[in-house]
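Student: Before we go through this model, could you set each value against the definition behind its label?

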Amino acid sequence: MALSNNTTAMTCAYFLQTKKRYCRMSVKPGRKFCGEHASLDAANQVCPTSAAKYARTPCPYDPNHSCFVSQLTKHMEKCNSKPKPLPEYIKENINVVDNNEEIKVNLGTLSDEELLAIIARISKIHSEFVGDLPVSVGRHPVLEPTLASLTESRGSWRHVFQSSSILYNMAKLGVLTSGETRSTYVEFGSGRGQLSYAVGQAVNLETDALLMIDKSSPRHKHDNRYKVDGESHASIHRVRADIADVDLGQVPLVRNDTKRLVGIGKHLCGAATDLALNCLHRANNPNGLVQGVCIALCCHHQCTWRHYVGKAFFKELNLSQTDFAIMRAMTSWAVCGSRQAKEHSDPIGENEAKTSILPGRYAAMGLDIERRENIGRQCKQIIDRGRVEFLSSWPLQAKLLYYVEPDISPENVLLLAHAS
């Protein structure tokens with residue numbers, strides 16, 4: 001496109017349709033387009049020699065940028081997107097249990113008789129192997145100043161309160177210690193590291209260490225606050241990787257400087273919990289390096305059979321992979337109370353005709369919202385019971401408990417384990 005009043009001879013002449021303006025990148029003397037759009041120069045060259053000189057190609061490492069074809073080899077040597085050599089503790093899918101293909105079950109394809117029979121079986125299993133979970137809600141003194149500075153109605157208060165109750169239960173069980181041994185607290189799916197930051201305030205970072213594992217690198221990480229607080233940063237570590245690929249025992253901090261390992265996580269979604277447990281299991285040694293686990297569970301609808309660590313428990317109960325898929329689908333019922341207003345307040349019309357098929361079916365089966373919520377919680381807790389049995393085989397003493405009230409978070413179950 002030709003130059004206009006919106007561009008100058010010093011800026012690129014390429015018009016960005018999505019932004020409705022010209023590219024503002026600088027250009028070399030005598031050229032119309034910047035380096036990113038220089039391929040247009042090549043396309044406009046009549047002389048084949050000139051066209052070849054200015055021809056560009058997408059970078060093989062990152063197609064979001066390009067380079068001159070004549071300089072491709074040189075570019076690939078210095079490109080910032082060039083894959084870096086993987087450290088020795090990154091091994092693809094090392095924590096994946098098996099490679100079975102996933103089975104998905106649509107509850108709408110089950111007959112009423114089949115669904116009611118499965119529900120009856122789930123209730124029986126829950127009554128015999130899980131039962132009513134204990135409630136252990138508390139607050140750790142290290143987070144009291146933070147809680148006092150926040151308004152209870154705000155989401156940030158709820159997050160801090162959950163972290164406080166997690167620390168309270170860790171301390172109550174003896175998992176959270178300070179200065180007694182060289183302990184490393186590993187937070188899986190750490191995100192910004194809020195839980196690790198709370199643990200760091202409760203332990204002695206002169207002797208203990210924090211290790212955060214997450215495949216993303218979010219902004220405003222809480223571990224950066226130690227720089228502001230003037231604390232030593234040498235005992236705080238991050239590994240940017242998928243939990244499935246981390247050989248925890250080979251991480252230098254764990255291999256060389258750790259005498260006691262504790263795995264933690266807050267709202268570790270679905271299969272990530274199973275990957276974390278298998279990661280800890282591989283890092284455990286005959287001397288019992290793993291001394292504790294404390295994970296706030298959530299998002300059971302994201303669990304997968306290929307990652308699930310409780311297969312042995314399911315097989316003992318004669319539950320198959322298909323049964324697992326059905327239970328996984330029903331775990332979403334545990335939070336279906338949020339849909340109550342929608343199901344009962346929609347005006348009669350086209351939208352209601354589209355959305356009331358399943359609620360109408362459930363009503364005819366006697367499955368009101370309250371009962372579906374209870375069945376959904378039972379499915380979640382049976383899946384979690386398999387994780388308890390997996391931890392008990394290490395051996396650790398493991399249990400499930402409610403660590404906050406449902407009005408704080410509907411995902412309020414804590415998986416807690418400690419060395420006997």
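**Values and their definitions**

Student: Why is Asn 93 called partly exposed?

Tutor: Asn 93 has a relative accessible area of 37%, and the label runs between the limits for buried, under 20%, and exposed, over 50%, with a 1.4 Å probe and protein chains only, so Asn 93 is partly exposed. The model is a predicted one, in which local features need pLDDT of at least 70 and side-chain atom pairs count only at pLDDT 80 or more, while totals for chains, interfaces and linings use all residues. Residues are numbered from 1 along each chain as its sequence is written, and side-chain values use heavy atoms, with hydrogens and water left out.

Student: What makes H10 and H16 roughly parallel?

Tutor: Helix H10 (residues 271-283) and helix H16 (residues 369-392) pack at an angle of about 5° with their axes 11 Å apart, the axes being lines fitted to C-alpha atoms over the stretch in contact and the angle running from 0 to 180 degrees between N-to-C directions. Angles under 35 degrees count as roughly parallel, over 145 as roughly antiparallel, 65 to 115 as roughly perpendicular and the rest as oblique, so H10 and H16 are roughly parallel to each other.

Student: Which residues of H10 and H16 meet?

Tutor: Thr 273, Asp 274, Leu 277, Asn 278 and His 281 in H10 meet Arg 387, Phe 390 and Leu 391 in H16, where contact means heavy atoms within 4.5 Å.

Student: Why is helix H12 described as mostly covered?

Tutor: In H12 (residues 321-330), eight of the ten residues are buried, among them Phe 324, Ile 326, Arg 328 and Met 330. The buried residues of H12 pack against helix H4 (112-129), helix H11 (311-316) and H16.

Student: What is found at the start of H12?

Tutor: A side-chain oxygen of Ser 320 reaches to within 3.4 Å of the backbone nitrogen of Thr 322.

Student: What does the largest nonpolar core hold?

Tutor: A nonpolar core is a set of buried Ala, Val, Leu, Ile, Met, Phe, Trp, Tyr and Cys residues joined through side-chain atoms within 4.5 Å, and the largest one has 72 residues, those with the most contacts inside it being Phe 188, Leu 248, Phe 314 and Met 330. H16 supplies the largest share of this core, seven residues. Beyond its neighbours within four places in sequence, Met 330 touches residues including Leu 107, Ile 118, Ile 375 and Cys 379. A second, separate core of 31 residues includes Val 160 and Leu 167. In soluble globular proteins, nonpolar side chains tend to be buried together.

Student: What kind of peptide bond joins Trp 394 and Pro 395?

Tutor: The bond is cis, with omega of about 15°, and Pro 395 is placed in the loop between H16 and strand E10 (397-402).

Conventions: Helix = DSSP H or I, 4+ residues; strand = E, 2+ residues; numbered from the N terminus. Polar contact = N/O pair within 3.5 Å; in protein donor to acceptor, adjacent residues only side chain to side chain.
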